[in-house]
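Hi,

Here is the structure I promised to pass on to you. Have a look at it first, and then read my notes below.

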Amino acid sequence: MKLTKALSLSLSELNQPIVTFYQLAVIVYRIYQTKSFRGEPIQSIKKDSPDSRSLSTALNNLLDDGILDPHKSFSSKSVFSILGRSNAPSEEIVCSVDPFCYVSHLSAMAHHGLTNRIPGKLFLSSPGKGEWRKYAVDRMQKDLGDDLAIYLKNGLPELRKINMVKIGRTEVHRHNSIHLGAYKNIRDKPYRVSTIGRTFLDMLRNPELCGGIGHVLEVYEEHAETYLKLIVDEVTNHGRPIDKVRAGYILDEKLKLKHPLIDGWLSQVQRGGSRKLDASAEYIPEFSEKWCLSINLF
């Protein structure tokens with residue numbers, strides 16, 4: 001079997017519409033190690049590991065055969081569409097390009113059926129630069145194990161955070177978040193989305209990314225009772241003091257919903273403070289006496 005055929009078959013087994021240069025390099029490296037694919041020897045492989053020149057040759061062959069094509073939404077040859085998968089949804093593309101991101105905010109609200117608004121942008125959450133790098137080092141170690149040092153010595157590409165501005169006509173908004181575990185995987189798809197509880201928490205933290213505070217209150221009013229346990233569990237376990245105060249005001253004082261954990265959030269109230277319901281808007285003197293919160297709705 002030729003190397004290009006082995007690579008083509010390997011790519012067809014990927015559960016994603018694209019492959020990054022790093023992902024391709026790992027596939028090539030593994031085939032060089034075994035010098036076979038599905039038990040059939042690979043012709044022409046003599047070395048135990050590829051170098052940057054070997055990788056470039058393999059990539060060029062895949063491009064020449066039409067198996068891969070540089071993705072037009074990315075400026076350099078870092079992301080490639082796989083033959084037959086060029087019409088994949090943007091959510092699947094971004095989650096394949098950034099292994100540590102997930103769909104969040106208004107896009108997650110739409111996914112969960114919490115809003116009838118059609119997001120004009122694709123909202124993502126992803127670790128900041130420093131944290132992302134730490135996750136990348138761990139992922140490379142997991143992918144290559146004891147061979148990581150040889151892989152890097154041979155000049156093969158590292159896992160890097162790729163800039164995403166637009167996928168086709170869809171603008172991408174990538175929000176820095178340290179909460180990597182706040183998502184669920186969509187079955188049989190390369191697609192991750194924030195959980196329902198985290199989506200409601202994100203509405204409190206960044207209403208400007210969720211249609212505005214007015215829309216957030218509409219969504220809480222319509223859906224909070226249905227998902228009350230998930231919301232309360234998320235806010236209790238992962239919410240900051242201000243998140244608990246904001247959630248407490250909405251759930252308890254505004255919507256009159258009852259849950260035994262909500263009263264415990266009152267310990268986070270700060271008398272004489274300047275806390276606001278909408279962090280992105282100006283403070284106004286209209287406030288909740290119970291939750292000591294400026295109800296700064298305009």
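Helix 8 (196-205) and helix 10 (228-238) pack at an angle of about 65 degrees, with their axes 8 Å apart. Axes here are lines fitted to C-alpha atoms, for helices over the stretch in contact, and angles run from 0 to 180 degrees between N-to-C directions. Angles under 35 degrees count as roughly parallel, over 145 as roughly antiparallel, 65 to 115 as roughly perpendicular and the rest as oblique, so helix 8 and helix 10 are roughly perpendicular to each other. Helices (H or I, at least four residues) and strands (E, at least two) are DSSP runs, numbered from the N terminus.

Helix 8 passes helix 10 in a right-handed crossing. A crossing is right-handed if the near helix is turned clockwise from the far one by less than a right angle, and left-handed if anticlockwise. On the helix 8 side, the contact (heavy atoms within 4.5 Å) is made by I196, G197, R198, F200, L201 and R205. Helix 10 brings L230, I231, E234, V235 and H238.

Before you go further: this is a predicted model, where local features need pLDDT of at least 70 and side-chain atom pairs count only at pLDDT 80 or more, while totals for chains, interfaces and linings use all residues. Residues are numbered from 1 along each chain as its sequence is written, and side-chain values use heavy atoms, with hydrogens and water left out.

Now the cores. A nonpolar core is a set of buried Ala, Val, Leu, Ile, Met, Phe, Trp, Tyr and Cys residues joined through side-chain atoms within 4.5 Å. Buried means under 20% relative accessible area, exposed over 50%, and partly exposed in between (1.4 Å probe, protein chains only). The largest nonpolar core has 37 residues, and M203, Y220 and L251 have the most contacts inside it. Two or more residues each come from helix 5 (105-111), helix 8, helix 9 (213-223), helix 10 and helix 11 (241-254). Helix 11 gives the most, with 6 residues. If you click on Y220, leave aside its neighbours within four places in sequence and you will find it in contact with F200, L201, M203, L204, I231, I250, L251 and L255. There is also a second, separate core of 36 residues, which includes L11, I27, L55 and A58.

Two strands pair if DSSP finds at least two bridges between them. Strand 4 and strand 5 (residues 79-82) pair over 3 bridges, and D69 stands opposite S81 in strand 5.

What does S73 touch, leaving aside its neighbours within four places in sequence? S73 is in contact with K166, I167 and G168. You'll find S73 in the loop between strand 4 and strand 5, and at 21% relative accessibility it counts as partly exposed. S73 and T170 are 97 residues apart in sequence and 9.9 Å apart in space, C-alpha to C-alpha.

Strand 7 (residues 121-126) has 5 of its 6 residues buried, so it is largely enclosed by the rest of the structure. Strand 7 runs antiparallel to strand 6 (residues 102-103), joined by 2 bridges, and V103 stands opposite L124. Strand 7 runs parallel to strand 9 (residues 170-176), joined by 6 bridges, and K121 stands opposite E171.

Lastly, phi angles. Most residues other than glycine have a negative phi. R38 has a positive phi near 55 degrees, sits in the loop between strand 2 (36-37) and strand 3 (40-41), and is exposed at 57% relative accessibility. D188 has a positive phi of about 65 degrees, and is exposed too, with a relative accessible area of 64%.

Cheers
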